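The sequence and the structure come first.

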Amino acid sequence: MELSIVILSYNAKDLTVACLESVISQYKKELIDKEIEIIIIDNNSSDESAPEVLKIKNKISNLALIQNKENMGFARGCNIGANAAKGRYILFLNSDTQVLDRGFLSMTDFLDKNPQIALLGGKLENNDGSIQPSAGKFYNLVNLIIMLLGLERLGFLRSSPDKIQKVDWVSGACMMVRRNIFEKLNGFDDKLFMYMEDMEICFRAQELGYSTYFYPHLKLKHKSLGSSNRAFAIINIYKGILHFYKRHKSYPEYLIAKTLLILKAEVLILVGFLTFNSGLRDRYKKAIS
């Protein structure tokens, strides 16, 4: 088995089915020949996602569906899928993506030729064809300040290089990893329910001497219409940053990061109060509660 494609789904029936069908349309021969497998992890969806996947499974033998009895979150759900994977490489693919070419095979070829590289991220396009910044720099304290000031979206920390190059971390929306290295790393940190798990695993890989690269030569649309909302994202990004600092940085750095997060939250709570924006105020109150 060359490649295992792991897709996590939570209450995203239409997106998951569309993603799955796009994978099958591009890699039907490899699926039939059992060179590629697809593993769908359903995190206890309530929208009939699982029955729809089962209908497709009846037509494609090399498709597996794992149904969790509760919402395990992204990191733990992906780890469950990886534990069932048989491929030399594992590709973690968001359910809100659409595969438009056969670039995943080019990614495996690239990893075959470059054994020092452990993780490889793919280029992502928005619905309008613009490019999403899906590679980034680790959040040291300087970069954390840049992110909290809102400058990350201006390209200060994240990018989408137009050539193959080494980066700090890549988006988990399309992340390929050697299965033996993923196992050595003990997978994603399952204390991270959602968000920051992609940066965190790339950081641990680097600490063990492995490289992460960005690979732009594929066509993959990322609709960014997944299972979370803005409040959920902010709360879990805050939690993720604090966990990252607690696990990987010194205690003084952790305290500084925590102070910076609280400071930004308090500023935005005040802005929400002054502008009568209860949503903004409530999101950041929850983030620091």
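## Overall dimensions

For a chain of 289 residues, a compact globule would have a radius of gyration near 19 Å, and the chain agrees with this because its own value is 19 Å. The model is a predicted one, and its C-alpha trace spans about 60 × 40 × 35 Å along the principal axes. Of the 289 residues, 52% count as buried, and among the contacts with a separation of 6 or more, 79% are accounted for by residues 24 or more positions apart. The secondary structure of the chain comprises ten helices and 15 strands.

Strand β14, residues 211–215, is largely enclosed by the rest of the structure, because five of its five residues are buried. In a regular strand the side chains alternate between the two faces of the sheet. In β14, Ser211, Tyr213 and Tyr215 point one way while Thr212 and Phe214 point the other way, and all are buried.

Strand β6 (residues 117–122) pairs with β14 in the parallel sense over five bridges, with leucine 120 standing opposite tyrosine 213. Strand β11 (residues 165–167), by contrast in direction, runs antiparallel to β14 and is joined to it by three bridges; here valine 167 stands opposite threonine 212.

## A three-stranded open sheet

An open sheet of three strands is arranged in the order β10-β9-β12 with antiparallel pairing. Its edge strands are β10 (158–159) and β12 (169–170), each of which pairs on one side only. Between strand β9 (residues 135–136) and β10 there are two bridges, and alanine 135 stands opposite serine 159 of β10.

## Arginine 178

Arginine 178 belongs to strand β13, which covers residues 174–178. The residue is buried yet has no salt bridge, since the nearest side chain of opposite charge, that of aspartate 112, is 5.4 Å away, whereas a salt bridge requires a side-chain nitrogen within 4 Å of a carboxyl oxygen. The side chain of arginine 178 does reach the backbone oxygen of isoleucine 117, at 2.6 Å. Leaving aside residues up to four places away in sequence, arginine 178 touches Arg88, Tyr89, Leu111, Asn114, Pro115, Ile117 and Ala118.

## Salt bridges

The structure holds twelve salt bridges. One of them joins lysine 55 to glutamate 52, with the closest N and O atoms 3.1 Å apart; both residues lie in helix α2 (residues 49–57), three residues apart, which is about one turn of the helix. Glutamate 52 is partly exposed, with a relative accessible area of 25%. In another salt bridge, the side chains of lysine 219 and glutamate 125 meet at 3.0 Å, N to O. This pair links distant parts of the chain, 94 residues apart, with lysine 219 in the loop between β14 and β15 (220–222) and glutamate 125 in strand β7 (residues 124–125). Lysine 219 is partly exposed at a relative accessible area of 38%, while glutamate 125 is buried at 8%.

The side chains of glutamate 200 and arginine 247 also meet in a salt bridge, at 3.3 Å from N to O. Glutamate 200 lies in helix α7 (residues 197–207) and arginine 247 in helix α8 (residues 230–248), so the pair ties together parts that are 47 residues apart in sequence. Glutamate 200 is buried, with a relative accessible area of 0%, whereas arginine 247 is partly exposed, with 43%. Through salt bridges that share partners, Asp189, Glu200, Arg204 and Arg247 are joined into one network.

Methods:
Residues numbered from 1 in each chain as written. Predicted model: local features only at pLDDT ≥ 70, side-chain atom pairs only at ≥ 80, totals over all residues. Heavy atoms only, no water. Helix = DSSP H or I, 4+ residues; strand = E, 2+ residues; numbered from the N terminus. Buried < 20%, exposed > 50% of the residue type's maximum accessible area, 1.4 Å probe, protein only. Lys, Arg positive; Asp, Glu negative; His and termini not counted. Polar contact = N/O pair within 3.5 Å; in protein donor to acceptor, adjacent residues only side chain to side chain. Contact = heavy atoms within 4.5 Å. Pairing = 2+ DSSP bridges. Rg over C-alpha atoms; globule rule 2.2 N^0.38 Å.
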